[in-house]
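Good morning, and thank you for coming. Please look at the display as I speak.

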Amino acid sequence: MVGSTHHLLYPDKKFASMHYRSRRFTAWPALGVLVLWLVLAGGLTWQRSRESVMPAIWDQDHYVQKADHVWTAVLGGNKENLFNLQPTIRPPGTVLLTAPLGPLRDVRHFYFRSVFIPIVITAFAVFLAGLGVTGRDWESALVALLASSLPMFWQFEIGPSHYTG
């Protein structure tokens, strides 16, 4: 009995290499379609955010103020106690999204990042979760594409009577 299962416990090199080859990542075409969708969506989002004439209001204004205060402190040499800079309701880590490369010169760059980064994170998370659970690459890419096109992501600014996007 032990001799009959020996090949399962200690496979020879040929069997191991065949098994390794069959486990390669084969979802590249589906992932490529998802990335093409994200490139298209990113380009259109960038174009739409560049057309915005709306100043930062409400929450966006808090993020912009926090980024301005953090970068003023950092560039001024005061790197201590960044948590107490105004507005204190926003932690200093939000600067990584608001103004990651320095002081914010144009709020429209923040508009683009605040819309597009959650879309990218959602698309890849849904794709990887679907691929890991089902193993179906094209279905996972389709569900990720649909999840990244949900209307909740595409609210850009307040129009005369509603949100426009």
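Contact, in this talk, means heavy atoms within 4.5 Å. The model before you is a predicted one.

With that definition, let us begin with helix α3, residues 28-50, and helix α7, residues 137-148. On the α3 side, Pro29, Ala30, Val33, Leu34 and Trp37 take part, and they meet Asp137, Trp138, Ala141, Ala144, Leu145 and Ser148 in α7. By class, this contact has 9 nonpolar residues, 1 polar and 1 charged. The two axes come within 8 Å and cross at roughly 15 degrees. Angles under 35 degrees count as roughly parallel, so α3 is roughly parallel to α7. Their crossing is right-handed.

I turn now to the packing of α3 with helix α6, residues 107-134. How far apart are their axes, and at what angle do they pack? The axes are 9 Å apart, and the angle is about 165 degrees. Because an angle over 145 degrees counts as roughly antiparallel, α3 is described as roughly antiparallel to α6. Here, too, α3 passes α6 in a right-handed crossing. From α3 the contact includes Leu31, Leu38, Trp46 and Arg50, and from α6 it includes Phe112, Phe116, Ile119 and Phe127. The residues of this contact divide into 16 nonpolar, 4 polar and 2 charged.

Helix α6 also packs with helix α4, residues 58-75. Their axes come within 11 Å and cross at roughly 115 degrees, which means that α4 is roughly perpendicular to α6. The crossing is again right-handed, with α4 passing α6. Gln60, Tyr63 and Val64 of α4 make the contact with Val107, Phe110 and Tyr111 of α6. In this contact 5 residues are nonpolar and 1 is polar, with no charged residues.

Next, a detail of the backbone. Gln86 and Pro87 are joined by a cis peptide bond, with omega about -15 degrees. Pro87 is placed in the loop between α4 and α5, the latter being residues 95-98.

Finally, a word on a pocket. Which residues line the second largest pocket? They are Ala99, Pro100, Leu101, Gly102, Pro103, Leu104, Arg105, Asp106, His109 and Arg113. By class, this lining has 5 nonpolar, 2 polar and 3 charged residues. The volume of the second largest pocket is about 150 Å³. One of its lining residues, His109, is also among the α6 residues in contact with α3.

Thank you for your attention.

Technical notes. Residues numbered from 1 in each chain as written. Predicted model: local features only at pLDDT ≥ 70, side-chain atom pairs only at ≥ 80, totals over all residues. Heavy atoms only, no water. 1 Å grid on protein atoms, 1.4 Å probe; cavity = no way out; pocket = protein on both sides within 12 Å on 5 of 7 lines; lining within 4 Å. Points joined across faces, edges and corners; volume = space filled by probe spheres on them. Nonpolar A, V, L, I, M, F, W, Y, C, P; charged D, E, K, R; others polar. Axes fitted to C-alpha atoms, helices over the stretch in contact; angles between N-to-C directions. Helix = DSSP H or I, 4+ residues; strand = E, 2+ residues; numbered from the N terminus. Parallel < 35°, antiparallel > 145°, perpendicular 65-115°, else oblique. Left-handed = near helix turned anticlockwise from the far one by under 90°.
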